[in-house]
Amino acid sequence: MIKVDGLHKYFDDLHVLRGIDLEVQKGEVLSVIGASGSGKSTLLYCVNGIEQIQEGSVYVDDVDVHAKTTDLNKLRQRLGMVFQQWNSFPHLTAMENVALAPQIVRGLTKEEAKDVAIKQLEHVGLGDKFDVFPNALSGGQQQRLAIARALAMDPQYMLFDEATSALDPELVGEVLDTMRVLAEEGMTMICVTHEMGFARDVSDRVAYFHEGIVEEIGPPDQIFAEPESEHTKKFLAKVR
Amino acid sequence: MFEYNFHWRPVFKSLPDLLEAALTTLQVASLAMTAGILLGFILAVSRMRETGLIYWFATTWVELARNTPALFQLFFFGFGLGALGFHLSPYLIVLAGLTFNTAGYLAENFRGGFEAIPSTQLRAARSLGMNPWQAYTRILIPQVMRIVYYPMTNQFVWVVLMSSLGMLVGYRELTGETQFFASKTYRIFEYFAVTAVIYYVMVKVILVLSKFCASRFFRY
């Protein structure tokens, strides 16, 4: 379970998160929607400890992410992260991109790491791209490579930070399909997204962020069909 | 009256000595380059956090190395330190001067290399659970090396050519040796013409080797 309590985050004077309370249960898919600058991505960075927080707490399976004694490198193995800029490692083949961290972080042998990489690359539909370098892959393929790379760490949770926002429109579908498969397999996911169709169809709950607070949260039917907050209504009217 | 008769015989007679001096040149240049890469890298890393004594020391080094004549830097290690009572051998003067100069230039190459890599690469590596050491050695530095490789090759060529300044502090590398024979025989043009060819060939070999190594090192 991921549990966020009274979370405040500042970038210098900018108050980005203004008291977030949130729980994500095992197996749940939470989509986070909202305008740019509402703090959606920052929340993800606070959950895996890339960004520090100023107030409140984040717990992942009872581990206090921001406690000084927490081994973040170990914690992050449980939290797969996929970025908007897919960040494939250009000097490594698809296979090496996926196999490197299992080998040097999880401590698998070369053969074990390779097996994991093969499995995950096939999982995301890149079974024919093992020895290809990222610059020969399309954006959608690179993003799926990034998903495979995160999955290879055998995470309990997956955090998606606008995974499709930087893609050409015709490539969005293949990445969303991959995310859909993960959700169906029971992966616990927090998806910051601008894809309203995905949020509606795939999530168990949808959170609407407005200026650093959770303005409204609930099942997709409720958020999309009967939003209570004026802000949510206005936002949804704009993105439709 | 203005006719000049070329005399190549003395040059060819001392060709073995010149070639040996060429090896000396290559040796001191290689050593200066190796030390320059290491120190340049340390300087670049030292300048990443833009505050503190180390930052200022590294910055001063880079500024002096890049913005004063290389000859003056050699003179500093020769006459400058000499005036303070530290007497280095000609070999050490050349080695120290070239290293100082090269480290300064390479530090800027490395800095540019690191800046060319999106900061999100580090984030991605860390998000996979890599510690900073793993993220730098496995993800960032291999990419930096690719970016700085050809500038580094150029720098090495520059070091080989710059080592000719050694002549002015009494070091018998290729140019020093040439000068020695030239003034002994007065066949100045002939000697320096042949030496120019030797430099040219050395540089060409370096460039070809560098290209070959690149094709082995870099797969993408």
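**Two chains, a few questions**

Me: How many helices and how many strands does chain B have?
Reply: Helices (H or I, at least four residues) and strands (E, at least two) are DSSP runs, numbered from the N terminus. Along the sequence, chain B follows the pattern α-α-α-α-α-α-α-α-α. The count for chain B is nine helices and zero strands.

Me: What is the mean pLDDT of chain B?
Reply: This is a predicted model, in which local features need pLDDT of at least 70 and side-chain atom pairs count only at pLDDT 80 or more, while totals for chains, interfaces and linings use all residues. Residues are numbered from 1 along each chain as its sequence is written, and chains are lettered from A and ligands numbered from 1 in the order in which they are written. pLDDT is the predictor's confidence in each residue, from 0 to 100. In chain B, 100% of residues reach 70 or more, and the mean is 94.

Me: What share of chain B is buried?
Reply: A residue is buried with 20 or more other C-beta atoms within 10 Å of its own, exposed with 12 or fewer, and partly exposed in between; C-beta atoms are placed from the backbone. The C-alpha atoms of chain B fill a box of roughly 80 × 45 × 30 Å along the principal axes. Of its 220 residues, the buried share is 36%.

Me: Why is Phe192(B) called partly exposed?
Reply: Phe192(B) sits in helix H9 (residues 188–217) of chain B. Beyond four places in sequence, Phe192(B) is in contact (C-beta atoms, placed from the backbone, within 7 Å) with Thr178(B) and Ala182(B). Phe192(B) is partly exposed because its count of other C-beta atoms within 10 Å is 15.

Me: Which strands lie at the edges of the open sheet in chain A?
Reply: Four strands of chain A form this sheet, in the order E2-E1-E4-E5, with antiparallel pairing. Two of its strands are on the edge, each pairing on one side only: strand E2 (14–24) and strand E5 (63–64) of chain A.

Me: Which strand is joined to E6(A) by four bridges?
Reply: Strand E6 (residues 79–82) of chain A points Leu79(A) and Met81(A) one way, Gly80(A) and Val82(A) the other, and all are buried. Gly80(A) stands opposite Met158(A). The two strands run parallel, and the partner of E6(A) is strand E7 (residues 157–161) of chain A.

Me: How many residues does chain B bring to its contact with chain A?
Reply: The predictor gives the complex an ipTM of 0.90 and a pTM of 0.85. Chain A brings 21 residues to the contact, and chain B brings 18.

Methods
Two residues are in contact if their C-beta atoms, placed from the backbone, lie within 7 Å. Two strands pair if DSSP finds at least two bridges between them.
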